[in-house]
Amino acid sequence: MAVDEPIPTAPMARALAQAEAAGARGEVPIGAIVCGPDGAVLAAAGNRTRELNDPTAHAELLAIREACARLGSERLIDCDLYVTLEPCPMCATAISFARVRRLYYAASDPKGGGVEHGARVFNQATCHHAPEIYPGLDEDRAAALLKAFFQAKR
């Protein structure tokens, strides 16, 4: 992305809405949106690990699966992913395999992240593809959602 090119914020607002919906279902409030090359939304998802009894049903993976199915391809070349929390190592690896062009995420995850923290998947020599990374987009709102969710659980 060119330095003077504005970062699109509307998709992150939609990802945050997915996170809110996930939280209302009792899921950890994380949401994800995949946009195609033209900026149109191809897929939207929130966490569903509890609902589906599936530890892989993270918002990112659900959105990637839906977008791939919609495009009829295992690759999301020229597509962008917006997610409300730094992806975990599992999701970061899927992002690499899907060849996502750009990754925008809101809040960092020092405990479970796999991009800036922990495994740092995209920095590994074995990484197939590293997207352009744009952290901190609407970070305060995403962090507040997560904080409120976990405070209510205590």
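Reply: Buried means under 20% relative accessible area, exposed means over 50%, and partly exposed lies in between (1.4 Å probe, protein chains only). This is a predicted model, in which local features need pLDDT of at least 70, side-chain atom pairs count only at pLDDT 80 or more, and totals for chains, interfaces and linings use all residues. Residues are numbered from 1 along each chain as its sequence is written, and side-chain values use heavy atoms, with hydrogens and water left out.

The part to look at is helix α4. Helices (H or I, at least four residues) and strands (E, at least two) are DSSP runs, numbered from the N terminus. α4 spans 89-98. Its buried residues are Cys-91, Ala-92, Ala-94, Ile-95, Ser-96 and Ala-98. An α-helix has 3.6 residues a turn, so residues three or four places apart point the same way. Cover for the buried residues of α4 includes α3, β3 and β4. Just past the helix, Arg-99 has a positive phi of about 60 degrees.

Now the core. A nonpolar core is a set of buried Ala, Val, Leu, Ile, Met, Phe, Trp, Tyr and Cys residues joined through side-chain atoms within 4.5 Å. The largest one holds 44 residues, and Met-12, Val-34, Leu-76 and Leu-103 touch the most other members. α4 supplies at least two residues of this core, and so do α1, β1, β2, α3, β3, β4 and α5. α3 gives the most, seven residues.

Contact means heavy atoms within 4.5 Å. Beyond four places in sequence, Met-12 touches Tyr-82, Val-83, Thr-84, Tyr-104, Tyr-105, Ala-106, Leu-137 and Asp-138.

α3, part of the cover over α4, includes Leu-62. Leu-62 has 17% relative accessibility, so it counts as buried. Neighbours within four places aside, Leu-62 is in contact with Ala-45, Gly-46, Arg-48 and Ala-57. Leu-62 and Gly-46 sit 16 residues apart in sequence, with their C-alpha atoms 7.8 Å apart.

Finally, the whole chain. It has five helices and five strands. Their order is α-β-β-α-α-β-α-β-β-α. The radius of gyration (over C-alpha atoms) is 14 Å, close to the 15 Å that the globule rule (2.2 Å times the number of residues to the power 0.38) gives for 154 residues, so the chain is as compact as a globular protein of that length. Of the 154 residues, 42% count as buried. Among contacts between residues at least 6 apart in sequence, 57% join residues at least 24 apart.
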